[in-house]
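Hello,

Here is the structure I promised to pass on. Please open it first, then read my notes below.

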Amino acid sequence: MRSAERLKTLLLLPSLLVSMACSGNPPPPAEPHPIAPAAPLAPTTSAASAPAPARREPPVPTRREDVVETLHGKEIHDPYRWLEDSDSDEVKAWQAAQNERTAKALSSQPGRAALARRIESLLRIGSVGTPAVYASKKGKGRYFSTRQAPSEDQPVLYVRDGVDGADRKLVDPNTLGKDGLVSLDFWVPSEDGKKLAYGLSSGGDEQSTLYVMDVETGKNLPETEVIPRARYASVAWLPDGKSFYYTRFPKKGDVPAGEEHYHRKVYLHALGRSWEQDPLVFGEGRAMTDSPSVAISPNGRWLLASVHMGWSRVEAYLFDRKAGPKATFVPLATPKGDAIYDVDVYDDFLLVRTNDGAPTYELYRVDPQKPAREHWKKILPATKDVLQAATSIGGQIFATYIVDAHSVVKRFSAAGEPKGEIMLPTIGTTGGVSGEWDGHEAFVGFTSFAVPAAVLRFDLATEKVSTWAEIKPPVDASEFVVTQEKARSKDGTMVPYFLVHKKGVARNGKAPAVLTGYGGFNIAQMPAFAGSRYVMLEQGGVLAVANLRGGGEYGEAWHRAGMLEAKQNVFDDLYAVAEKLASDRVTSSDRLAVMGGSNGGLLVGAAITQRPDLFRAAVCAVPLLDMIRYHKFLIAKLWIPEYGSAEDPTQFEWLRAYSPYHNVKPGAPYPAVLFATAEGDSRVDPLHARKMAALLQAEAGGDNPILLRVEGKAGHGAGKPISKKIEEATDVYSFLFWQLGMTPPG
């Protein structure tokens, strides 16, 4: 019944840099841009491949090596490869010196204390999560949800009996370690609501350990129920609550060295049995980068294995647990080409959402006893809007669409007949709808530009919407303006973007502005609240959020137009928005910063090396920057379907053309840059930020500062405590206020 989770979280955008977004259908062509773009810097094989001006003395003494390798007949220079070794004492000392220099530069900025105080007030507002409901058909129901008080570093998992019952703490990570470093990664109750499987990790490393709790007593079960290597675990309980299917990764020694981050497989765990004795259920013989997840029907008969193969292909296999000892997984959806199949499994039917032949997705109802494609019944045909999610609650289908830059939740009968829309508070974003397939209520989590978090409850009997929980915003929404505009990209594609600013900000080219985006992995950037941004907006700044190709705003066609050989489109889209901001006199290049994290960090890296003329400053967080070697570290082989691999001669040329580390031009006047990364990042290795910072410090012309900030005891962003978010945001906005000439709050 519970959907198998998508693995987009493998490249999660850090919470500080979460983008607001827009979506919908590509707008019609507009008139040609009135200002011709400046010529980009020509790509180079390496920073050392041509005669260069004398290098400036790096602010931190940095050893340079003459490392050259030949790939596909081309020389690749890598003078700072030694900075890849995070365990090296020399690297640690160099990193500490960089941190000391950065801290000194940022701590000396005027008004920093006031900036920090306002950021803390913007971030310490708490949070609420969408509840998951269990066993409501058997009584008053049990509701599980997360909530975070303003004083807490981490969200806490609560349970209540009955919709109006009192909340009781189940898992409080704030009590489990020092400095708020332990985080709750996932939680899955049994179908009767009596047991709970949940995962904890520390320091942002996301290396979850799975625990099992008795919900009635709030106590963990014995050590036999503690399962390591449960990162991103997918869990599906059997109806009796005595066993569950789950995914885990191999331990060291079980696979060749370096492959422990891959080979995820499905196992069956029975309570009371050591996890080491759990039988393998699914995944044997598959490629090591295949990532299966699992779901099961409420009656326990139909077991579903969904296999994620990058961000453009998801296969599905079905297993009938009543078919006897010779039963096997039956292919439900194994497309000939790339396609995504998201499947929800119920007692006597499946709901299959797919973009196979329908780039904006459509929905089918499938009889699990007749899984062949010719028996599928289409109940929601594809439309111009993206069908983002669909689930069955109380005999109805709740479908979430991306329409004109925001979420719309529509209801349909089981046969697909329209039954109306759930009215949301304003234009914003919902992460989906929760509820039981035979239940009587649905819950919708909601956020928007000025709505930090709200949870709505829809009563199926009365069709009334009420507020289950909400967080009051720390800003007055009436003081700000949000508009959606469009820019023409290099190839004529119209790229939408949001502008957010305080009322009365003039379009005279003088306003400081920050441009951000993501553009990858089929991830749609939707309207969302990011409190720290308001410290800039309140002081007259402008925020521009670009919806770039590579994302999921317009369906799979929009995604494919920004991946693999088409990745340059993403960068060109960003430059088009930057140029439009200047031509519309929203800002100017000497008052514009670019900011992004993760895949968005790659975006920033490309921007500062290809079009440094467009930006005064850049914040490049947990970035990918060496695209020739990226796939050799941590979990990065999972991203080869999105980027390609330098081991392939054709893909090597794509990557070499834009790899930021390999396209630095000696003596070029680059913007001021703050690189931000973390020692515990288990997704994007911090080596990227270290190497790029060292190279720019040595090669960049002019006097703009190139700073490196390496966070200790933190990871890619997930699970970061509020205290560390405040410290990070204070540094980021100290840098931006400094470089954009902004006055800190009084």
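The notes below go from the whole chain to single residues.

**Ground rules.** This is a predicted model, in which local features need pLDDT of at least 70, side-chain atom pairs count only at pLDDT 80 or more, and totals for chains, interfaces and linings use all residues. Residues are numbered from 1 along each chain as its sequence is written, and side-chain values use heavy atoms, with hydrogens and water left out.

**The whole chain.** The chain has ten helices and 39 strands. Both are DSSP runs numbered from the N terminus: helices are H or I with at least four residues, strands are E with at least two. The chain is as compact as a globular protein of its length, because its radius of gyration is 25 Å, close to the 27 Å from the globule rule for 746 residues. That radius is taken over C-alpha atoms, and the rule is 2.2 Å times the number of residues to the power 0.38. Along the principal axes, the C-alpha atoms fill a box of roughly 75 × 60 × 50 Å.

Buried residues make up 61% of the 746. Buried means under 20% relative accessible area, exposed over 50%, and partly exposed in between (1.4 Å probe, protein chains only). Among contacts with a separation of 6 or more, 62% link residues 24 or more positions apart; a contact means heavy atoms within 4.5 Å.

**Aspartate 573.** This residue sits in helix H5 (residues 568-583). Aspartate 573 is buried, at a relative accessible area of 0%. Its side chain makes a polar contact of 2.6 Å with the side chain of serine 489. A polar contact is a pair of N or O atoms within 3.5 Å; within protein, one must be able to donate a hydrogen and the other to accept it, and residues adjacent in sequence count only if both atoms are side-chain atoms. Neighbours within four places in sequence aside, aspartate 573 is in contact with Ser489, Val495, Leu548 and Arg549.

**Two backbone angles to check.** Most residues other than glycine have a negative phi. Tyrosine 232 has a positive phi of about 55°. Tyrosine 232 lies in the loop between strand S11 (219-220) and strand S12 (235-237). Lysine 713 also has a positive phi, near 55°. Lysine 713 lies in the loop between strand S39 (706-711) and helix H10 (722-740).

Which of these is buried, and which exposed? Tyrosine 232 is buried, with a relative accessible area of 15%. Lysine 713 counts as exposed, at 57%.

Best wishes
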